[in-house]
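The report below describes selected local features of one protein model. Please read it alongside the sequence and the coordinates.

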Amino acid sequence: MKRKKFIRSLAIGGGAVVSGSITGWKPLAAAGDARAADIIIYGGTSAAITAAVKAKQLGKSVMIVCSERHLGGMTSGGLGFTDTGNKSVIGGLAREFYHRIWLHYEDPGSWEWQEKAAYGNKGQGTPAIDGTNRTMWIFEPHAAEQVFEGLIKEQGIAVFREEWLDRSGGIQMKNGKIVSFKTLKGNIYSGKVFIDATYEGDLMAAAGVSFTIGRESSAIYGEKWAGVLTGVFHHGHYFKSRVDPYKTPGKPLSGLLPGISEEAPGAYGSGDQKVQAYCYRMCFSSHPENRVAFPQPAGYDPARYELLVRVFNSGWRELFQKFDPIPNLKTDTNNHGPFSTDYIGMNYLYPNASYTLRKQITDGHRDYQQGLFYFIATDPRIPRDVQQEFHKWGLAKDEFTDNKNWPFQLYIREARRMVSDFVMTEHEILGRRAVPDPVGMGSYTLDSHNVQRYVSPEGFVQNEGDFGVHVSRPYQISYKAIVPKAAECENLLVPVCLSSSHVAYGSIRMEPVFMILGESAATAAVMAIDDQTSVQKVDYAALKNRLRQQQQKIDGPAGS
């Protein structure tokens, strides 16, 4: 196998990307400019890209304005082991993305560190390569970013990076519509229709659209899995053994170990404003030539990880169960177990936080995870067998090369969620109620990560908030869930922070679904412009026909 150094050079806003780093990058115009397009998309996620591509394909001028430097959100930020569910309901540009991933790995030069035949079709129930349908569902971060940049370049879409929305007073509204928004650089973006494709819902919130944060109580929508769920253990992400929570075992006066809340978790089924945990999805490498040792972060304190030692001492040995294999001897490593990469309880303020506070939170998550990996690699209290296996891994040297091989996107599993005239709930997801005006489909398990770590009434540490509820067949997602109330804004679509309960969002929040909804949102935006109407009054019958023509799946597979 001949090694081929990964190099790409794509035009990005006047600069170029080479080996994953941006050189000579500048905004397309100086600060303080006024820019206009038919459709303005805020955000650099996978949904933003499919929305922009579809808008351009349908003949409209479009701009992406985003705070990110790298496009693709979590899809290019480490989440390469795709949460697909039923792949037959992934159509349109989303399926085109996974087809292009397949094309990427058909090139022998893409297999630098591993023979393609040696990778095969591994994937713990998620086949990596579907040759029959010419799609591939598992991939390296740089491959996803390359595909996204290729789509942008082919369509000639203007992308304005490192542009942060002025969230206080930066939105100009007139007659219930967004006229323009201003960024912190002083640039003004005017459009006919706007799409908020961020994970946070910043444009939506700044426009005065109703939203919620956290968990609804079970009484609000009559959901079984809503609110606080003490004693519910659907996955292995809880303390299966009795683990003492105190710095000095058995002595409450010594204080709690780091990461354990002093507060009670709340009554079962009650709502709160707490958010499921975030983490970085890590790309590790086991190839000696492509492996970077886990660094010791500044201010490293091994005491932060004492709880992990106690978990290992209880007999737990599941550390490597979510080292999911992606091509070239790499992983998409996710949270797994009672104490892992999820920084439980440290993100509650994130959705509404200032940019400064958000950076502090994201930096805190990075420090926590870097310290965790360094601790496992070096601390003598880690079981020898675990540590020896862990030493086979390191950060992937050829990923995230302009960020010290660390992912640039924190996994914002959930932030703000719009509250519109229609709210997706577990009843729609589980097929108990019909969905009006569908524009896309999902199929993944109802899934939430933990929200709290607390001391149980018996005096031991426990996690709360994790659930995983099987979805027996694909479900539809309503157009009404991606448009605000008409009285609040008539020219905004929200395909990521859509109108959904916390429980329903646990299934909807998958990257393929965001791509699907991004394309559908752009299609509706084009129709609103052509028909000179609000997004709420788009002719749904005509929209449905267009989506079907675009190979979007809105009716489900046969027998579903």
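Asn-405 lies in the loop between β17 (394-396) and β18 (416-418), where helices (H or I, at least four residues) and strands (E, at least two) are DSSP runs numbered from the N terminus. The model is a predicted one, in which local features need pLDDT of at least 70 and side-chain atom pairs count only at pLDDT 80 or more, whereas totals for chains, interfaces and linings use all residues. Residues are numbered from 1 along each chain as its sequence is written, and side-chain values use heavy atoms, with hydrogens and water left out.

Most residues other than glycine have a negative phi. Asn-405, however, has a positive phi near 65°, and Gln-532, which is not a glycine either, has a positive phi of about 50°. Gln-532 follows helix α12 and is placed in the loop between α12 and α13 (540-549). Relative accessible area is used here with a 1.4 Å probe and protein chains only, and buried means under 20%, exposed over 50%, and partly exposed in between.

| Residue | Relative accessibility | Class |
|---|---|---|
| Asn-405 | 13% | buried |
| Gln-532 | 74% | exposed |
| Phe-390 | 1% | buried |
| Glu-112 | 8% | buried |

Glu-112 is found in the loop between α2 (92-106) and α3 (116-119). Its C-alpha atom is separated by 54 Å from that of Ala-487, 375 residues apart along the chain.

Phe-390 belongs to helix α9 (residues 384-390). Contact is taken as heavy atoms within 4.5 Å, and, leaving aside neighbours within four places in sequence, Phe-390 is in contact with Phe-294, Leu-319, Phe-320, Phe-323, Phe-373, Ile-376 and Ala-377.

A nonpolar core is a set of buried Ala, Val, Leu, Ile, Met, Phe, Trp, Tyr and Cys residues joined through side-chain atoms within 4.5 Å. The largest such core holds 161 residues, among which Ile-41, Phe-181, Met-424, Tyr-479 and Leu-493 touch the most other members. Helix α12 (residues 511-530) gives the most to this core, with 13 residues. Beyond four places in sequence, the contacts of Met-424 include Ile-429, Val-435, Tyr-475, Ile-477, Ala-504 and Ile-508.

Of the 20 residues of α12, 19 are buried, so this helix is largely enclosed by the rest of the structure. From its first C-alpha to its last, α12 reaches 29 Å, close to the expected 28 Å.

Helix α1 (residues 46-57) packs against α12 at an angle of about 35°, with the axes 7 Å apart; axes are lines fitted to C-alpha atoms, for helices over the stretch in contact, and angles run from 0 to 180 degrees between N-to-C directions. Residues of α1 that meet α12 include Ala-47, Thr-50, Ala-51 and Lys-54, and those of α12 that meet α1 include Phe-514, Met-515, Gly-518 and Ala-522.

Note on methods:
The expected span of a helix is 1.5 Å times one less than its number of residues.
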